[in-house]
Amino acid sequence: MSRPENSTDTEARMRELVYQHCEPLTDLAAAITHDGDAEDLVQETMLRAWRHLNAVPAGEQAGRRWLHTVARHVAIDASRRRQARPVEVAATAEPVALEDRTAAAAIANVTLREAVAGLSQAHRDVLLALAVENRAPREVAERLGIPIGTVRSRLHYALRALRDQVGH
């Protein structure tokens with residue numbers, strides 16, 4: 001953490017940042033968040049500004065650009081964290097009766113097969129190699145002759161397409 005040595009300088013600089021940039025930063029945060037997380041985004045952005053106060057440019061416009069960039073990065077990080085969480089199931093879901101399990105499994109199986117069949121060949125190849133054949137991403141990349149980042153990207157978009165098609 002790099003901060004000015006004098007705490008009164010730090011406090012004065014932070015007050016100046018809040019005074020000059022809090023309102024425009026809040027407007028940006030409200031525009032780029034979807035579920036009321038604007039206040040958290042502004043708070044995290046200002047916390048990062050405090051932690052790296054010497055990195056914040058001194059000019060008003062340059063400081064605003066720096067803060068907006070940090071806010072966008074914070075929003076992207078939060079979005080990625082939410083996407084990485086498993087899908088939550090409502091607690092009020094009705095339990096499936098014992099005799100309905102076979103039917104439910106059959107319906108789920110057909111639904112999944114149709115969803116996988118709806119994927120592009122490239123996405124399907126990566127998904128099947130990783131999930132069904134249990135191959136390592138590096139091995140899949142070598143086998144398909146593509147970069148490992150492309151394997152991960154195709155897996156991401158394949159899983160997203162499956163979630164969209166199945167309705168989760």
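Helices (H or I, at least four residues) and strands (E, at least two) are DSSP runs, numbered from the N terminus. The model shown in these views is predicted: local features need pLDDT of at least 70, side-chain atom pairs count only at pLDDT 80 or more, and totals for chains, interfaces and linings use all residues. Residues are numbered from 1 along each chain as its sequence is written, and side-chain values use heavy atoms, with hydrogens and water left out.

**View 1. Overview of the protein.** The protein has seven helices and zero strands. From the N terminus on, its elements run α-α-α-α-α-α-α. Of the 168 residues, 24% count as buried; buried means under 20% relative accessible area, exposed over 50%, and partly exposed in between (1.4 Å probe, protein chains only). Contact here means heavy atoms within 4.5 Å. Among contacts with a separation of 6 or more, 61% come from residues 24 or more positions apart.

**View 2. His21 and Thr26 in helix α1.** Helix α1 holds His21 and also Thr26. Is His21 buried or exposed? His21 counts as buried because its relative accessibility is 2%. Leaving aside residues up to four places away in sequence, His21 touches Glu60, Gly63, Arg64 and Leu67. Thr26, with a relative accessible area of 32%, is partly exposed. Between the C-alpha atoms of Thr26 and Asp40 there is a separation of 9.9 Å, and the two residues are 14 residues apart along the chain.

**View 3. The largest nonpolar core.** A nonpolar core is a set of buried Ala, Val, Leu, Ile, Met, Phe, Trp, Tyr and Cys residues joined through side-chain atoms within 4.5 Å. The largest one has 17 residues, of which Leu17, Leu25, Leu41, Met46 and Leu67 touch the most other members. At least two residues of this core come from each of α1 (7-32), α2 (38-51) and α3 (60-84). Which residues does Leu17 touch, not counting residues up to four places away in sequence? They are Cys22, Met46, Ala49, Leu53, Val56 and Leu67. A second, separate core has seven residues, including Val126, Leu130, Ala141 and Val151. In soluble globular proteins, nonpolar side chains tend to be buried together.

**View 4. Packing of α2 against α3.** The axes of these two helices, α2 and α3, come within 9 Å and cross at roughly 125 degrees. Axes are lines fitted to C-alpha atoms, for helices over the stretch in contact, and angles run from 0 to 180 degrees between N-to-C directions. α2 and α3 are therefore oblique to each other; angles under 35 degrees count as roughly parallel, over 145 as roughly antiparallel, 65 to 115 as roughly perpendicular and the rest as oblique. α2 passes α3 in a right-handed crossing. A crossing is left-handed if the near helix is turned anticlockwise from the far one by less than a right angle, and right-handed if clockwise. On the α2 side, the contact is made by Leu41, Glu44, Thr45, Met46, Arg48 and Ala49, and on the α3 side by Trp66, Leu67, Val70, Ala71, Val74, Ala75 and Asp77. Sorted by class, the contact of α2 with α3 has nine nonpolar, one polar and three charged residues. Ala, Val, Leu, Ile, Met, Phe, Trp, Tyr, Cys and Pro count as nonpolar, Asp, Glu, Lys and Arg as charged, and the others, Gly among them, as polar.

View 5. In helix α5 (residues 121-132), the buried residues are Arg124, Val126, Leu127, Ala129 and Leu130. α5 packs with α6 at an angle of about 140 degrees, their axes 10 Å apart, and the two helices are therefore oblique to each other. Their crossing is right-handed. Asp125, Val126, Ala129 and Leu130 in α5 meet Pro137, Val140, Arg143 and Leu144 in α6. The residues of this contact comprise six nonpolar, no polar and two charged. Asn134 sits in the loop between α5 and α6 (137-144). Although not a glycine, Asn134 has a positive phi of about 55 degrees. Most residues other than glycine have a negative phi. Asn134 counts as exposed because its relative accessibility is 66%.
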